[in-house]
Amino acid sequence: MATSTLGAFGEVNRKHWDTQVEQIFKEPWIQNLTRQIYNHLRSNLDWIGIQQPSQTPTKMLDYACGPGIASQAMLPYVTEIRGIDVSDSMVDKFNAGARDAGISEIQMHAVRGDLLAPAQGSLESQDFYGFDLAIMSMALHHIDNPETMIAKLVERLKPGGTVLIIDWVPSKTAFCRSDGSPSHEYSHGFRMDSSQSDLGQHPSSHTVSFDGFSEKHMNDIFAKAKCSEFDYVLATSPSEVPPDPSGQKQMFFAKGTKHRM
Ligand SMILES: C[S@@+](CC[C@H](N)C(=O)[O-])C[C@H]1O[C@@H](n2cnc3c(N)ncnc32)[C@H](O)[C@@H]1O
């Protein structure tokens, strides 16, 4: 019997995201959120570890890439980008965007896949290893096993490579002060079932596993994945998220470095 190239929760996500690609990125709050991510990445290249002008080739993985917002932000600063997403529609959108911008497949392309699945198919080729940077943007909360997910991303990095997670601070915590520091200790994000979801009847709620990730939770996950040099910074302002009961959520950017051998 063939072994599946998608995990069980990956399959739930695939079914949902395959139907979302045309509509969701037209929503004004999603457009604002993607602009916020794009601007933060572009404004924090040093923090991400990107040297300018680049002295050496830099290979980036955009995991759970969607249409490729992280890739679009990083494109001028890296030499090669590979995207992976469970959804064929997202992968098609990512590749169409690259093609329409005149970017070669060697420089940037995505494939369907799920690093949590029993079989990896085309992801086993060397093309999907040896990354300097792996970014996972707004997708870790859609994964039922974030510890394993990050360990799998770290396996794909070169020694000294960086994994960068962009996601939500747990919603039961307060937003940042004006100087960007947390206004009180963050609680742990909690695992959700759909009845607990703060997104209520939002069409994506059944695809969400975690309410968010605190700094401590991210540091624990990075440590288990044998990373060092962790950091966790907040977006400079909360994001408008109309499906959330408060109407707002706080985004974070967290990074860890794979041990240098
Ligand atoms: C909220 S979208 C984020 C897309 C993009 N990274 C961004 O920041 O705009 C979540 C994405 O995660 C993908 N996804 C969910 N579970 C996945 C998994 N197990 N492996 C790979 N991709 C997954 C979905 O198909 C979807 O494209």
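Reader: What should I know about the model before I start?

Author: This is a predicted model, in which local features need pLDDT of at least 70 and side-chain atom pairs count only at pLDDT 80 or more, while totals for chains, interfaces and linings use all residues. Residues are numbered from 1 along each chain as its sequence is written, and side-chain values use heavy atoms, with hydrogens and water left out.

Reader: Which residues of helix α8 are buried?

Author: Buried means under 20% relative accessible area, exposed over 50%, and partly exposed in between, with a 1.4 Å probe and protein chains only. Helices (H or I, at least four residues) and strands (E, at least two) are DSSP runs numbered from the N terminus. In α8, which spans residues 215-224, the buried residues are His217, Met218, Ile221 and Phe222. Seen down the helix axis, these buried residues fall within an arc of 130°, so they line one face of α8; the arc is that of the directions from the helix axis to the C-beta atoms. The exposed residues Lys216 and Lys224 are carried on the face turned away from the buried side, and just after the helix Lys226 takes a positive phi of about 60°.

Reader: What do the buried residues of α8 pack against?

Author: Contact means heavy atoms within 4.5 Å, and the buried residues of α8 pack against α7 (146-155), β5, β6 (227-234) and β9 (251-258). In α7 the buried residues are Pro146, Met149, Ile150, Leu153 and Val154. They cover an arc of only 135° around the axis, which puts them on the same side of α7, and they pack against β1 (59-63), β4, β5, α8, β6 and β9.

Reader: How should I read a nonpolar core?

Author: In soluble globular proteins, nonpolar side chains tend to be buried together. A nonpolar core is a set of buried Ala, Val, Leu, Ile, Met, Phe, Trp, Tyr and Cys residues joined through side-chain atoms within 4.5 Å. The largest one here has 37 residues, of which Leu41, Met74, Leu164, Ile166 and Met251 touch the most other members, and helix α3 (residues 28-43) gives the most to this core, with five residues. A second, separate core of 32 residues includes Met149, Ile165, Cys227 and Leu234.

Reader: Where is Ser71, and what is it in contact with?

Author: Ser71 lies in helix α5 (residues 69-74) and counts as buried, at 0% relative accessibility. Leaving aside neighbours within four places in sequence, Ser71 is in contact with Met60, Asp62, Ile81, Phe94 and Met108.

Reader: Where is Thr207 found?

Author: Thr207 is in the loop between β5 and α8, and is buried with a relative accessible area of 0%. Thr207 and Trp17 are 190 residues apart in sequence and 9.1 Å apart in space, C-alpha to C-alpha. Not counting residues up to four places away in sequence, Thr207 touches Phe9, Val12, Asn13, His16, Trp17, His141 and His142.

Reader: How many residues line the second largest pocket?

Author: On a 1 Å grid over the protein atoms alone, a pocket is an open set of points where a 1.4 Å probe fits, with protein on both sides within 12 Å along at least five of seven lines, and lining residues have an atom within 4 Å of a point. The second largest pocket is lined by 18 residues, of which Gly49, Ile50, Thr56, Thr58 and Asp132 lie nearest its centre. Strand β5 (157-168) gives the most to this lining, with five residues.
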